Amino acid sequence: MSVAEAIETLRGEPRFARNIVVWQRLPERPARYAAFPEGLAAPLIEALHDRGLASLYSHQVQAFEATRRGENVAIVTGTASGKTLAYNLPVLQSLLDDDTTRALYLFPTKALGQDQAHELGRWAQALRGALPAEVSDLGVRLYDGDTPQAERARVRGEVRLLLSNPDMLHTGILPHHTRWADYLSTLRYVILDELHTYSGVFGSHMANVLRRLRRICAFYGAQPQFLCASATIANPRELAETLLESPVTLIDEDGSPRAARHFAVYNPPLVDEALGLRRSYVLESQAIAAMLLRSQVQTVLFARTRRTVELLLGYLREQAQADGLDPHLVRGYRAGYLPEERRRIEAGLRSGEVRGVVATNALELGVDIGTLGAAVLVGYPGRIASLWQQAGRVGRREEQGLAVLVASPSPLDQFLTLNPRYLFDRSPEQARINPNNLAILANHLRCAAFELPLRADESFGTVPIAELLEALHAEGDLLRSAEGEYQASGEAYPAAEVGLRSSTNDRVLIQESGKRGPRLIGEVDRAAAPVWVHQGAVYMHEGRTYVVERLDWEQGVAEVRQANLDYYTEASESVQVEVLGVEDADEARGVRRAFGPLKVTAQAVAYRKVRRHTHETLGFGEIDLPPREFRTTGCWIWLAPPFVERLQADLAGRPDLLRASFGPNDYGPSWEPQRQAALERDGHRCTQCGASERPGRAHDVHHRTPFRAFGYLPGQNENHAQANALENLVTLCQACHHRLEAQHGTRTALGGLAYALHSLAPLFLMCDSRDLGMVVEMRAKETRGPMITFYDEVPEGIGLADALYAVIPELLANAADLIGGCGCSEGCPACVGPVAPASGPVKATALFLAQAMVRELGASGR
C-alpha cells in the first residue's frame, strides 16, 4: 500500500476519524532555482551536473555569495532543503582555490558527523582529478569519541576538513591545541549545523566553547568565518550573533520544493465527560502506529520521555507479534543507547529493514534515516520548532507524508486542540541562551586558563573577567603569576570535568550483572539517578525491563538484572525553595510578584509501582539517597492578606463556593490535637512508604475523605470534629502526600490555578515545561501567605524566571480562559488537574481566583 493509500484508509477509519480535531493538507511548494553563482569552479559545476543538478536553489546561491564576501552566515530553511550543500560549496571552492584552507564542521551529535563524512566522501571522489598533484584527497577526517587513540595523531597530520562535535572540541581539541597548531593556524571556516539545538544550557556552554576556540585561533593568527545552518526558529540571527558575538547575515527564504504533507491533530476519545478524562494518549498513539505499520508504512513515533519510548516499544512489539509481523522490525532510539546500537538502527531505517522506530527528540535532528511515510507525535513536543522538525521527517520532496499529533491530557495539549490554528499561524519559538551564567562562565574560564594564561585586563568574548578571575584564584582554582597572569592550578585539564549538556559531567553507569561479568547497557546524569535508577526502580532499555538491585552512589554505578515484569516505577521528589534575594518586585497591589535568586532542595523520597496498560498503583517504596541542592533564579506570585480577605468576603454571595479556601486551611479547633494524635499513633512514620521524619521536617497528616466534603463553616457548625476524627487521618511524608493528592485529585483553588499556569508557561517562555520547576505553598515562609513559585531547573538559571516575571498578567489571563473554556464540570487534567469526587468546587474556585487576580493586576493597565 502506498503512503497516499494508507493516508486515505486511515482517514476513512471511523474510530480514527471521529477524534480528529483538524486535518490540514500542507500544499506542495515549487522550487525557486538560481543559476550557478559566478566564481563557482568548473569541477564543482561538473560534479553537480553528475548529480543531476543543472542549477541551485535560490538560498544556496545566496549563501555561497555571502560566504565569498567574508560574512558569517546563518541558513534557516526547512527540512531536506539542501542546507548541507549550501555550506559545503563555499568550503570546497576555497579548498580548490587554496589547498591550505582548513575547515571545522561541528555537529551536535556524532551520528550527524558520520552522515557528513559520507557526503564529503562523495565529493572527494568527484573532485579527485581537480585537486593539486601534491594533495591526495580532501582530507576529510572524523574526530570524535569513537576515534581510536592510535589513529588520532594521523588525523591531526592529514586533516583539512575536520568533522567533530562540541564535546570533542571542548575536551579533545582545545585543551591540546598545541598538537593542532598547524591546523588551527590555517582554520578558515567553522560550520555549525543544527544551530537551533544550541539553546538553553547546551547553547550557553557552546557560546563559551566558541569563545575559547576564537581565542586560541587568534593566538595562532587565524580568524575563522562561521557558517551556520538551522531549522526554523523565531530568532536565528539573534541566536547566531549571541553565540558568535559577531554580525551574521541571515538567509531564510527557502527555495527548495516540498511535496504535499498531511497534518492531523487527534484528541483521544472521552471516557468520562464530566471529569474530562480521555483514553490514554500513549495507547491511542500505539493504535495509530499499529494501523500504519500493518499498511507497510515506515513510521516513526516521537515520545517526550525515555519511559514512554520504552513503554510504546513494548506495546508495539506485542501488537506486531499479534499481527503476524516480526516484532524486531520495530526499534527504540533515545539517549542512553550505546553508539553502535544507534548506528545499527539508523542503517536499518535507511535500508527499510526497520519498519518502525520509537524515539525521543534524539532522532529529531538531521540524521540520515531516509524518507519515512508517517510520524506519530506522542503529545505536543513542547516547541513549535520541534513539532515541525519531527513532522518534517515525512514526505520529503516527491512523496506525500502524514504527521499525526496525538494530544495528551495536559492543559497545553488540550489548549492546542481548542486552538489548532496556533500550530499553523504562530511563529516558532525563540532560542534562549545565557553565556554569562556564572557557573557556566566560571567553568569555561578554568578551561581557558589551562589552554592559555588569562590576563585580568582581557575580555572573554565581550565579558570583563577581572573580578571572576580573582575569585577563582581565591578559591584555589587558578594560580596568579608575578606578571598578573592566571593559569590552571593543576596538571589535569578542567574540560574533562565540565559537561556541555548539563551543569555537571557526573554520570551514573548502568550495568547488568552476568556470568561473564558486568555489561554496560546505559548511563544517566547523576542528578537524575535518584529518580531513574534508585534501588528497586524498573529501568527499561530497548523494550527489556531491568530491576535496579543496587545503586552505588559513591562509585556512580547502578547494578541491574533483567526481569520479566508487568509494571514500571515512578519516583516522587520533595522540593523546598528558599528565597535568597529580590532583584525586582511589584508589590503595589493585592496580587504581588517578584523574582530573584533561590536555593532549591530536591530529594527523591519514595516511588510507586504502576501496572503496565492499566496504570493502576501496585505498591510503594522508600528511596534513601542524599538531596540535591542548587542555586537558581525564581519568580514567585503571592496574595497579600487584604486581597485574601476580600476574596473570602466575596464568597459570601457565592454559596456554591463557600467551601473554598484561598489561604492556609482552617481545619477547626479540633485539628491540632487530632493531628498530633495521628502522628503519635503512626509512630511518626509515613504509612505509605514507611519513611521516618527527617530533622526539621515533620510529616503531614492527610484527610482520607477530603475535609471540604464535611461542609465545615467556621462559626456556623461543628463539622470539623467528624472531619478530624482519628480514623479519617493518616500520616504521610511530603512526597507521598503530594503524590496522593495528584493521584486522587485533592486540590485547592491555588493548586488548581498553579497547575494551569505551569502547563501554559511554555507558550510564553518558549521552553519545555520540564525546564521550569514549581512549588505551591498555602503559607510561604517568606510572604506568610499563599504563594506559587516558579524556578529555573538549571543551576544559576538561564533567564526563564526573569522572562516569566514580565508576562505574569498575560499568563494569568490565559489560564483563566483555559479553565473557563474547559468542558468538564468539576475539573480535569486539561485545566486544573485531576479532581476526585468530594474534593469540592476546585475548578470553579480556581476560575474565581484566576479572574480576581486578573482584575487586580488589570487595574494597573498591565
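1. Gln-296 counts as partly exposed because its relative accessibility is 45%; the classes are buried under 20% relative accessible area, exposed over 50%, and partly exposed in between, with a 1.4 Å probe and protein chains only. Gln-296 sits in the loop between helix H12 (281-294) and strand S14 (299-302). Although Gln-296 is not a glycine, its phi is positive, at about 65 degrees. Most residues other than glycine have a negative phi.

2. Before going further, a word on where this comes from: this is a predicted model, in which local features need pLDDT of at least 70, side-chain atom pairs count only at pLDDT 80 or more, and totals for chains, interfaces and linings use all residues. Residues are numbered from 1 along each chain as its sequence is written, and side-chain values use heavy atoms, with hydrogens and water left out.

3. Glu-245 is another non-glycine residue with a positive phi, of about 55 degrees. You will find Glu-245 in the loop between helix H11 (236-244) and strand S10 (249-251). With 24% relative accessibility, Glu-245 counts as partly exposed.

4. Now the overall picture. The protein has 27 helices and 37 strands; these are DSSP runs numbered from the N terminus, helices being H or I of at least four residues and strands E of at least two. For 862 residues, a compact globule would have a radius of gyration near 29 Å, and the protein agrees with its 29 Å; the radius is taken over C-alpha atoms, and the globule rule is 2.2 Å times the number of residues to the power 0.38. Along the principal axes, the C-alpha atoms fill a box of roughly 100 × 75 × 70 Å. Of the 862 residues, 57% are buried.

5. Next, the inside. The largest nonpolar core has 127 residues, and Ile-288 and Leu-423 have the most contacts inside it; such a core is a set of buried Ala, Val, Leu, Ile, Met, Phe, Trp, Tyr and Cys residues joined through side-chain atoms within 4.5 Å. Helix H26 (residues 800-821) gives this core its largest share, 13 residues. Beyond its neighbours within four places in sequence, Ile-288 is in contact (heavy atoms within 4.5 Å) with Leu-10, Phe-16, Tyr-266, Val-376, Val-404 and Val-406. A second, separate core has 41 residues, including Leu-162 and Val-248.

6. Helix H4 (residues 58-68) is worth a look: 8 of its 11 residues are buried, so the rest of the structure largely encloses it. Among the buried residues of H4 are His-59, Gln-60 and Phe-64. Gly-70 follows H4 and has a positive phi, near 85 degrees.

7. Tyr-183 is part of helix H9 and is buried, with a relative accessible area of 4%. Leaving out residues up to four places away in sequence, Tyr-183 touches Arg-102, Ala-103, Leu-104, Val-159, Arg-160 and Leu-162. Tyr-183 and Tyr-805 are 622 residues apart in sequence and 47 Å apart in space, C-alpha to C-alpha.

8. Is Thr-178 buried or exposed? Thr-178 counts as exposed, at 59% relative accessibility, and lies in the loop between helix H8 (166-173) and helix H9 (181-185).
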